[in-house]
Structure formats: structure tokens, C-alpha cells
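Hi there,

Here is the structure I promised to pass on to you. Have a look at it first, and then read on for what I found.

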Amino acid sequence: MAKTSSAASLRLTLRAWLPLVVVVVGLVAFGYVAVQQNYRQSANDPQLQLASDAATLIKNGAEPAAVVPAARVDLASSLAPFMLIGDGSGRLVAGNGWLAGSTPLPPAGVFADTLRSGSRSFTWQTAAGARFAAVAEPAGDDVVVVARSLAPTEQRIGRLTVMAALALIGLLVATLGAVMLARGVAPVGR
């Protein structure tokens, strides 16, 4: 008889805990997604400013090669933003980003789509696996693309994922303990 009442008590406890599980999972998931999106969207901020300024200069008559910073950026090791300027056909006009000895181009269609639809932000992954937060801005007949490595942002998101998982586990254990205590249910093994 004790086993039946113990099993019934456990079922009632779990039934009482289930709404708390839903709330805790929902709140942790909301917090995680909000912070993760803030991290990712903020990764575009310097590029937005640099691309907008460069596009304005080109629209006002500056030559694309004069707008691109002179310092080469090694995309395999640097976290610095880099700039590429291309035409609507996808041909590189100027650029200062280098990967394996050449200037990589963003995915096919970025230049033409930007000229047709306007500014855009996107995640760009090269064939070598490097990932960049990129912004494309139309500049007359050309397109300015400014990008920088997503490595620091992705590391931050990785730490956030671990923190959210630990918080979720801790909150689930704490709420189960609270429900058991409120219902007067002894912990398993006692």
C-alpha cells in the first residue's frame, strides 16, 4: 500500500511541478534568445557605420580605391573590420581583406541584390570556414561591403549557452524541491 500512495504522491507532485517547468523553460528560453540576438545584432554596429560613411563618400565623388583603408586585414587571424567594394556584376573594385593570399568575395548575388533592394546585413561564411558579420550598402553603381570576424561574438554566445543551461537545470531542481517541500513529499531514497 505504501508503494501505491508513494507513486500517487509522486505523480501529484510532478503534475503540480509541470506548470513551473513550462514557466521556467519559457523564461530561460526568452532570456537566452533576447541576449543571443542582442550579441549577434550588435556585431554589425561598426560595419553599419563604416559602410554608410564609405557609401556616402563614393556617392559624393570619391574613388572606391581611395575609400578603402590602405592596411591589409588578414582574415585568418585579425578581428579588424575589412572593406570590399564591388559592382553590380559581382566584380571586385577595391578591397583590403585577405584570406589565403586573395580577397574573398561575399556570396553570389550580394552586390546585385544590394543595388536592387538596398542595405542589408548578413552572416558570411567563406569556403575556409571563416564567419563574418557583414553589412552591404549601395553606393551609386557600386556596393560597399564591410565585415568583421564573428569569432568573439560566437565565443560570447557559447558562454551564454552554458550559463543558460546551468540556470535552467538549477531552476528546475529548485522548483521541484520547492514543490516537494510544499506538498510534504520526502526526497527519493528516504
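Let me begin with one glycine: G88 sits in the loop between β2 and β3 (92–95). Please keep in mind that this is a predicted model.

Is G88 buried, partly exposed or exposed? Its relative accessibility is 31%, and because buried means under 20% and exposed means over 50%, G88 counts as partly exposed. Leaving aside residues up to four places away in sequence, G88 touches F111, A112, L115 and D141.

The largest nonpolar core has 16 residues. Within this core, F82, F122, W124, F132 and V145 have the most contacts. At least two core residues come from each of β2 (82–87), α4 (110–117), β5 (120–125), β6 (131–139) and β7 (142–149). There is also a second, separate core, made of 13 residues, with A51, I58, V68 and A94 among them.

Now for the whole chain. The protein has five helices and seven strands, and their order along the sequence is α-α-α-β-β-β-β-α-β-β-β-α. The C-alpha trace spans about 85 × 30 × 25 Å along its principal axes. What radius of gyration does the protein have, and what would a compact globule of 190 residues have? The protein has 26 Å, whereas such a globule would be near 16 Å.

A few totals to finish. Of the 190 residues, 34% are buried. If we take contacts between residues at least 6 apart in sequence, 57% join residues at least 24 apart. The accessible surface comes to about 10900 Å², and carbon and sulfur atoms account for 63% of that area.

Key
Residues are numbered from 1 along each chain as its sequence is written. This is a predicted model: local features need pLDDT of at least 70, side-chain atom pairs count only at pLDDT 80 or more; totals for chains, interfaces and linings use all residues. Side-chain values use heavy atoms; hydrogens and water are left out. Helices (H or I, at least four residues) and strands (E, at least two) are DSSP runs, numbered from the N terminus. The radius of gyration is taken over C-alpha atoms; the globule rule is 2.2 Å times the number of residues to the power 0.38. Buried means under 20% relative accessible area, exposed over 50%, partly exposed in between (1.4 Å probe, protein chains only). Contact means heavy atoms within 4.5 Å. Accessible areas come from the Shrake-Rupley method with a 1.4 Å probe; for residues, only the protein chains shown count as cover. A nonpolar core is a set of buried Ala, Val, Leu, Ile, Met, Phe, Trp, Tyr and Cys residues joined through side-chain atoms within 4.5 Å.
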